Amino acid sequence: MPAVPSPDTAPLLAIRGVKVRFGGVIALGGVSFDVGYSQICGLIGPNGSGKTTLFNCISGIYRYQEGDIRFEGASLKGTPRHDMAGLGIGRTFQNVALFRRLSVRDNVLVGAHHLGRSGFVANALRLPVVRGEERESTARLDMLLDLLDLRQVAAVPAGSLPFGWQKRVELARALIGGPKLLLLDEPAGGLNHSEVDELAVLLHRIREHFTLSILLVEHHMNLVMRVSDKVVALEFGLKIADGTPDDVRNEPEVIRAYLGETDEEVHRARVA
């Protein structure tokens with residue numbers, strides 16, 4: 001196994017020429033970009049541009065046919081999705097996926113499951129190592145309940161909460177495992193203006209508290225431009241811009257993709 005690169009020599013996440021085809025449809029046509037250590041990277045593009053497909057490749061849900069995705073210098077190709085959390089990759093989903101009848105507290109603790117190193121026998125006998133792991137998970141839980149302002153609803157069934165609060169619960173569940181990279185799939189979806197403002201502040205707070213990187217897929221352009229250190233824009237499975245928020249905001253291809261007419265046949269021909 002190659003040595004883990006230092007933050008000074010390699011990005012945390014490296015996307016290199018990733019191609020994904022579903023039958024005759026090209027979902028990703030050779031996308032490449034980096035996400036650095038302690039960086040917030042916004043991933044934008046019109047519907048069908050390949051954003052969620054790329055997320056699913058990073059988290060092991062989809063397999064890419066060509067190219068590579070490297071995390072801390074090691075390829076993720078062939079890595080089972082259930083191993084991603086252990087590697088340090090956490091994720092939330094566009095459609096909140098909580099255990100609706102479980103309390104907020106128990107929903108968040110589910111995210112700490114992979115941290116346990118004790119086996120079945122140790123758990124059955126309640127050995128000291130098990131109690132130590134439980135204390136560690138509880139300490140992480142308490143910290144997140146305070147950081148995300150969930151303390152007052154900790155005992156409430158998650159499914160009874162307003163949508164914005166459910167998003168916070170899912171975020172806490174992704175964070176309790178201590179990820180190095182957090183994948184956020186449209187975290188502002190369904191939120192009102194004040195909740196989006198709160199989310200922007202919260203994302204910076206999370207980055208500073210955990211010293212992690214965030215890859216953010218989001219249609220709420222104002223949020224992306226406010227919180228991101230860099231922005232990558234996709235269209236029809238191709239990267240059309242990569243740079244600072246100001247650079248991408250003023251890129252003619254991005255303006256055309258969002259405001260002008262597009263010719264799908266031309267774009268697909270470029271990757272055929």
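Start with helix 5 (residues 128-147): pick out glutamate 136 and arginine 140, which sit four residues apart on this helix, about one turn. Keep in mind that this is a predicted model. Show the side chains and you'll see a salt bridge between Glu136 and Arg140, with the closest N and O atoms 3.7 Å apart. Glu136 is partly exposed at 45% relative accessible area, and Arg140 is partly exposed too, at 26%.

Next, select lysine 19 and glutamate 66. They form a salt bridge as well, closest N and O atoms 3.9 Å apart. This one links distant parts of the chain: Lys19 belongs to strand 1 (residues 13-22) and Glu66 to strand 4 (residues 66-71), 47 residues apart. Lys19 comes out at 24% relative accessible area, Glu66 at 36%.

Now jump to lysine 239 and aspartate 242, whose side chains meet in a salt bridge at 3.4 Å, N to O. The whole model has 19 salt bridges.

On to the largest pocket, with about 680 Å³ of space. Of its 24 lining residues, select Ala85, Ile89, Arg91, Phe93 and Gly111, the closest to the centre. Helix 2 (84-87), strand 6 (89-91) and helix 6 (163-175) each give at least two residues to the lining. Colour the lining by type and you get 10 nonpolar, 10 polar and four charged residues.

Last stop, the cysteines: Cys41 is buried at 0% relative accessible area, and Cys57 is buried at 3%. The disulfide count is zero.

How values were computed
Residues numbered from 1 in each chain as written. Predicted model: local features only at pLDDT ≥ 70, side-chain atom pairs only at ≥ 80, totals over all residues. Heavy atoms only, no water. 1 Å grid on protein atoms, 1.4 Å probe; cavity = no way out; pocket = protein on both sides within 12 Å on 5 of 7 lines; lining within 4 Å. Points joined across faces, edges and corners; volume = space filled by probe spheres on them. Nonpolar A, V, L, I, M, F, W, Y, C, P; charged D, E, K, R; others polar. Disulfide = S-S within 2.5 Å. Buried < 20%, exposed > 50% of the residue type's maximum accessible area, 1.4 Å probe, protein only. Salt bridge = Lys/Arg side-chain N within 4 Å of Asp/Glu carboxyl O.
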